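Here is a walk through one protein model, taken a region at a time. Keep the viewer open and follow along as you read.

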Amino acid sequence: MPLPRLRALQDERLKDLVSRVYAKVPYYRNAFDNSGVTPTSIKGVADIAKLPFTKKVALRDNYPFDLFAVPMEEVSRLHCSSGTTGKPIVVGYTAYDLDVFSELIARSLYATGCRPGMKLQNAYGYGLFTGGLGLHYGAEKLGMTVIPVSGGMTDRQLMLMKDFRPEALCCTPSYAQTLAEELVKKGMSFSDINLKYAVLGAEPWTEAIRSQVEAGLNLKASNIYGLSEVMGPGVSVEDVDERGTGSYIWEDHFFPEIVDKDSGEPVPEGESGVLVLTTLTKQAIPMIRYWTNDITSLHYDKAGKRTHVKMAPIIGRADDMLIIRGVNLFHTQVEDIINSIDDISANYQLIVFRDGNMDEVEVVAEVTDDLLQSLDLAPGAELAKHDRVATLRGYFSKKIKDVIGLSMRVTLKEPFAIPRSEGGKLNRIIDKRK
Ligand code: ADP
């Protein structure tokens with residue numbers, strides 16, 4: 001859609017949204033009144049910053065259904081975000097919302113290379129998590145054949161990949177790593193599978209994982225982003241031919257802003273901050289300026305095949321940011337460094353602990369199988385003591401210090417020493433201070 005038309009559509013949709021939530025959701029009426037903003041003062045997206053932010057706590061405080069803007073009889077489905085502690089976040093969808101969800105997933109799948117007639121192995125979790133059912137109905141809408149295997153059961157995944165010969169796979173990037181490794185362990189080769197595209201999301205990932213997954217499964221892997229509070233996956237997606245240049249946000253349904261994580265003020269284009277999303281069309285549980293807590297940047301200048309804005313890969317969630325001796329650290333920064341070192345694989349953990357009064361980080365990573373084979377270690381010999389591994393360790397530590405500005409302890413282990421994703425999201429940070 002040409003940009004002037006897109007902006008006009010967003011203006012109309014935003015005006016409709018604010019009048020709807022003001023009339024139907026007491027929480028928003030109070031929040032607007034407290035910020036001194038009336039629905040009629042919002043003439044379009046240029047006025048969006050007048051509106052208050054909505055944070056996760058609003059969903060918690062209004063658990064389960066008090067943020068809904070339609071009567072329950074109009075809600076066709078409920079989902080929850082995983083919610084690591086306490087009550088989960090509950091979201092609802094009208095029939096129209098589900099149509100939009102499917103439409104945006106269909107668009108997203110198309111962008112990643114999927115086409116009608118192809119088979120999609122859907123290894124996202126089914127159930128309350130939005131990923132499984134979200135991808136499922138969108139793929140059907142596109143005209144694909146869905147294999148609804150859900151996450152986990154890796155042996156079965158590989159069997160289905162071999163027997164059903166799906167062209168596309170969707171799952172978390174960490175689970176795609178697991179599948180790539182298990183393929184080798186099972187003695188399977190590329191001729192046993194027929195995958196061409198992977199659609200990976202639900203957790204941060206970088207080029208290090210992309211390289212491993214693309215080489216390991218012989219396919220092209222694109223990013224898909226979303227969150228339950230705003231819809232689920234399919235808020236933004238990478239185009240398969242523009243991989244590495246950012247993910248298109250479906251701006252006709254979600255209006256994005258980037259704000260400073262402390263002040264809430266807009267940051268200049270291209271700078272990183274918190275992604276804030278307004279759902280322009282959602283009926284059951286609309287979100288006004290939802291504070292995603294995800295750190296990224298917007299790029300209006302990187303348009304490729306589409307006019308919609310691109311967002312950079314998520315660096316991490318603001319609340320997952322580690323502050324180590326005054327330096328801000330996301331685990332994806334370490335992953336980026338790993339990507340530049342051939343002999344270290346994209347499997348790692350950051351262990352955070354306290355030593356006296358000091359916070360310390362230990363990076364535990366694995367050497368590649370190729371390196372291990374070339375070392376020809378004597379039985380019982382310690383990997384870490386081998387000259388080449390010691391040199392590699394030194395190089396890795398120095399690079400971390402140079403790039404991130406922090407000294408970290410580095411431990412290099414043999415392949416498979418670090419836990420893998422068994423189907424869902426993988427936690428790469430072990431914080432022992434808690
Ligand atoms: P939960 O917050 O319980 O994990 P969701 O399953 O809705 O609930 O997860 C949404 C979150 O997952 C996002 O806010 C973001 O932090 C992360 N996420 C989803 N997709 C991506 C992606 N492609 N890249 C990075 N992070 C992602």
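## A hairpin and its sheet

In this predicted model, strand S18 (residues 344-355) and strand S19 run antiparallel and are joined by nine bridges. The hairpin of S18 and S19 has two residues between the strands, and Gly356 takes a positive phi near 65° in it.

Strand S19 also pairs with strand S20 (residues 409-413), this time in the parallel sense and over five bridges. Here Glu362 stands opposite Arg409 in S20. Put together, four strands make an open sheet in the order S20-S19-S18-S21, with mixed pairing. S20 and strand S21 (429-431) are at the edges with a single partner strand each, so one side of each has no neighbour in the sheet. From one strand to the next, the twist averages 20°.

## What encloses S19

How many of the ten residues of strand S19 (residues 358-367) are buried? Eight of them are, so the strand is largely enclosed by the rest of the structure. Helix H11 (residues 387-404) packs on this sheet and touches S18, S19 and S20. The direction of H11 makes about 140° with that of S20.

## A buried arginine

Now look at Arg420, in the loop between S20 and S21. Is Arg420 buried or exposed? Its relative accessible area is 17%, and buried means under 20%, so Arg420 counts as buried. The side chain of Arg420 makes a polar contact with the side chain of Glu366, at 2.8 Å. Setting aside neighbours within four places in sequence, Arg420 is in contact with Thr178, Glu181, Asn347, Glu366 and Leu426.

## The nine-strand sheet

There is also an open sheet of nine strands, in the order S4-S3-S5-S6-S7-S8-S9-S14-S13 and with mixed pairing. Its edges are S4 and strand S13 (298-299); each has a single partner strand, so one side of each is left without a neighbour in the sheet. Within this sheet, S3 and S5 run parallel and are joined by three bridges, with Gln121 opposite Leu169 in S5.

Helices lie against this sheet too. H6 lies across S3, S4 and S5 and runs at about 175° to S3. Helix H8 (residues 207-217) packs on the sheet as well, touching S5, strand S6 (197-201) and strand S7 (220-227). The direction of H8 makes about 130° with that of S7.

## One side of helix H6

Which residues of helix H6 (residues 154-164) are buried? They are Thr154, Gln157, Leu158, Leu160 and Met161. These residues cover an arc of only 160° around the axis, which puts them on the same side of H6. In general, an α-helix has 3.6 residues a turn, so residues three or four places apart point the same way.

The cover over the buried residues of H6 includes strand S3 (119-122), strand S4 (145-147), strand S5 (168-171) and helix H7 (173-185). Just after H6, Arg165 takes a positive phi of about 50°.

In soluble globular proteins, nonpolar side chains tend to be buried together.

Beyond its neighbours within four places in sequence, Leu109 is in contact with Cys114, Leu120, Leu135, Gly138, Ala139, Leu142, Met144 and Val199. One of these contacts, Ala139, lies in helix H5 (residues 130-142) and is buried, with a relative accessible area of 0%. Not counting residues up to four places away in sequence, Ala139 touches Ile105, Leu109, Leu120, Met144 and Val146. Ala139 and Ser102 are 37 residues apart in sequence, and their C-alpha atoms are 7.6 Å apart in space.

Methods: Residues numbered from 1 in each chain as written. Predicted model: local features only at pLDDT ≥ 70, side-chain atom pairs only at ≥ 80, totals over all residues. Heavy atoms only, no water. Buried < 20%, exposed > 50% of the residue type's maximum accessible area, 1.4 Å probe, protein only. Pairing = 2+ DSSP bridges. Axes fitted to C-alpha atoms, helices over the stretch in contact; angles between N-to-C directions. Contact = heavy atoms within 4.5 Å. Arc of directions from axis to C-beta. Polar contact = N/O pair within 3.5 Å; in protein donor to acceptor, adjacent residues only side chain to side chain.
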